[in-house]
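This report concerns the salt bridges, nonpolar cores and helix packing of the model shown below.

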Amino acid sequence: MARISIDPVTRIEGHLRIDVEVDGSKVNKAWASCTMWRGLEAILRGRDAREGWVFAQRFCGVCTTVHGIASVRAVEDALALDIPPNAQYIRNLILIGHALHDHIVHFYHLSALDWVDVMSIPKADPARAASIAEGSSSWQGNSRRALEAVQDKVKGIMAGGQLGIFSHGYWGHPAMRLSPEMNLILFAHYLQALEFQRKSCQVVAILGGKTPHIQNLAVGGVMNAINLNSLATMNMDRLGMLQGILEDLIPFVQQVFFVDTGLLAASYPEYFHYGRGVANYLAVPDLPLDARGTKFDLPGGVIMNGDLASVRSMTNWKDEPFRKAITEDSTHAWYQGSGPIEPYKGETTPDYTDFKEDAKYTWVKAPRYNGSPMQVGPLANVLVGYASGHALTRKWTNAAFDRISAVHGLKVLPNEMQSTMGRYLARAIRSAMLSELALEHLQLLTTNILNGDDTTCNAPQFPSGEIMGMGMHEAPRGALSHWVVIDKGAFTNYQAVVPTTWNASPRDQNGVPGPYETSLIGSPVVDAEKPLEVLRTVHSFDPCMACSCHTLDATGREIAQVKVQ
Amino acid sequence: MKNVEPSEHRAVSVIGLGNVFLGDDGFGPLAVETFRCQYECGPEVEVLDLGTPGLDLAPYLYGRELVVIVDAVHSDFPTRAVSVFCEDDFASSRSCLRITGHDPGLWDTLTHLRLADCGPTELIVVGAAPESCVFGDGPSAAMLNLAAEAAASIAQVLTHCGVRCNHRNAAPRPNLWWLPLNPLESLGVPEAHVNA
């Protein structure tokens, strides 16, 4: 039996170690360990509840916006504060822009190289590649000339012997099966994606004032001033600018990202049978359409044991079963305490012991929903929407299935989405949904402003006694909730139950493992020195551990290593 | 670096990188905020604290003519001093490009952008070796003392590259919002927003 430690897992956001035991050529045990402490909760205690969102954005270096949003929503929930429609729409557009950026970066820049063999690109026939690409999409960047230019660049890199960031790929691995032409197409889109992730950031920056770390949030709404007669505020020019950026961005999402994911799925159909993992799914409703958060454009709900018919819809943020169901367990995490505890009473006192697989081995706590581990993320979001008959989810999921079937001859069933490849496909489906909703929410904002409403914030008033609140957000990586206790306007407790905590959860007090750990069981490992199959499944979750200490290393010391024992 | 005549038509970014809650790792944000307060530049210059964005740096380097990155840097250079690096210093044989969870993503992002022909024309790093990267403690005294020197180095780099940059006569106080709470402040919040 071989023991493989991948530390750190690369091309993720943050720090993650994966240990697996391989029996023969399959994984039979796995441990996921987050190797850095996210201690922001400790910093937030005692801080003014109105400024918590500024600090909360630093929970992560990448998902800054989502924590800012969840933080203000938590305080607003504690105060039962109504949010003006303009503020909801502006926040929603920011969340859509951020999510599209995140999903594009994940597919192309963080995970594509698990599937795309860059070193085979010089062998491709650009004319044939262009014919394949133009046959499946009307995207203008698929011409023979464009693909030849990309191929020449790759040839240049290889001829110069300076592979740089491409020197660590598992090139030539037997599990890399795309033709040279397919590799060329996907790598061309990998480079083109840089332009479009930038455009989605522009949406966030125009509305948020800056990104990362948007500056426009406020407990009670947003700080964007609206005045159609002023050049310095939100006006028709600014709204028109947003429309133009979205009209550039949306074709890339729908004609490239969505299409490429189908191509990948059809080329690696066995990955619809690997990586299922925990088959309990949790998604929270988002993109609110009213002041109190009772109507949403993205559905929430819970599915247990992989049974789509069992879906329980979560129709509003006050959902009592959700609030009562969430606990966190520190039995195997480097914190004091052990068994389940509700977030309002949660503690974040470190208790580091080194990696001990039968005791404590990670900085991530084990969140549980009525005692069960849950998988969160775009797959949960899509499955909950599909199972509950959400029209937009069904439209784009069926479009993905139809495309894979019509173009590639592979029939995918909804239940097969519960897999490594399902997580990739779900992220593209969700992106297509969000791209459609972006224009709708921009129109809602424009219409509301043209109707004469320029209100963007309702100022908070804090009572003198203790209040509690919970803010949720369906972030790019899944269900996020911030839980706050406030006294005299300052936080006395603050706990964040984040998507990667759900997915990277360690075992709980009953020894039940979390989604990453479970998803790796049964995964093939053809070459223990190059555990590509393990990385594909881990990357399918889009891990985002707390970003933490990072200093440039001018000595170029190597840190990543795979140990096989 | 070449001496360049001043121009107001260049796209220039001064970017602070680092985790402000990890002691000296937050040197970049500290230095660029100090620079923003002590120096005045034209509208062509963006001064940004980007935190720890990883590969999400791409939009901020995309198509810029000059990028000055300010960060804590592990190097053979002396501690308690500000050093200036060119891109070649990092890409040369004494340091190889790599992708790890500890890397801020700068070199990976640059490689992506150069391949797509949209990387910055010139990139310069202003750095200082960290003394301590301890969670929640704020920057060390040594790093706080280096902030003004780093700001002067940024100004010098910009001027050398032909970017107008003038010392302010009356500098506003830097907004270092992330520094640890004063123990007295942590006892309560201003009465103004608390209802009886």
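A salt bridge is taken here as a side-chain nitrogen of Lys or Arg within 4 Å of a carboxyl oxygen of Asp or Glu. The model is predicted: local features need pLDDT of at least 70, side-chain atom pairs count only at pLDDT 80 or more, and totals for chains, interfaces and linings use all residues. Residues are numbered from 1 along each chain as its sequence is written, chains are lettered from A and ligands numbered from 1 in the order in which they are written, and side-chain values use heavy atoms, with hydrogens and water left out.

**Salt bridges**

Over all chains, the count by this rule comes to 27 salt bridges.

| Pair | N to O distance | Separation in sequence |
| A:Asp102 and A:Arg477 | 2.9 Å | 375 residues |
| A:Arg368 and A:Asp508 | 2.7 Å | 140 residues |

Helices (H or I, at least four residues) and strands (E, at least two) are DSSP runs, numbered from the N terminus.

A:Asp102 and A:Arg477 form a salt bridge, and each of the two is buried. Because A:Asp102 lies in helix H4 and A:Arg477 in the loop between strand E13 (466–475) and strand E14 (478–487), the pair ties together parts of chain A that are 375 residues apart in sequence. A:Arg368 and A:Asp508 are both buried as well. A further group, A:Glu195, A:Arg198, A:Lys199 and A:Asp248, is linked in a network of salt bridges.

**Individual positions**

Helix H4 (residues 85–111) of chain A also holds A:His98, which is buried at 6% relative accessibility. Contact means heavy atoms within 4.5 Å. Not counting residues up to four places away in sequence, A:His98 touches A:Val62, A:Cys63, A:Thr65, A:Val66, A:Val204 and A:Pro476.

A:Ala291 is placed in the loop between strand E7 (286–288) and strand E8 (296–298) of chain A and is partly exposed, at 28% relative accessible area. Among the residues that A:Ala291 touches is A:Leu81; their C-alpha atoms are 8.5 Å apart, although the two are 210 residues apart along the chain.

**Nonpolar cores**

A nonpolar core is a set of buried Ala, Val, Leu, Ile, Met, Phe, Trp, Tyr and Cys residues joined through side-chain atoms within 4.5 Å. The largest has 161 residues, and those with the most contacts inside it are A:Phe166 and A:Phe187. Helix H8 (residues 236–267) of chain A gives the most to this core, with 15 residues. The residues touched by A:Phe187 include A:Phe166 and, in chain B, B:Leu115.

**Helix packing in chain B**

Two packed helices are described by the angle between their axes and the distance between the axes. Helix H1 (residues 27–38) and helix H5 (residues 141–160) of chain B pack at about 65°, with axes 8 Å apart; axes are lines fitted to C-alpha atoms, for helices over the stretch in contact, and angles run from 0 to 180 degrees between N-to-C directions. Residues making this contact include B:Phe35 of H1(B) and B:Ile154 of H5(B).

How values were computed. Buried < 20%, exposed > 50% of the residue type's maximum accessible area, 1.4 Å probe, protein only.
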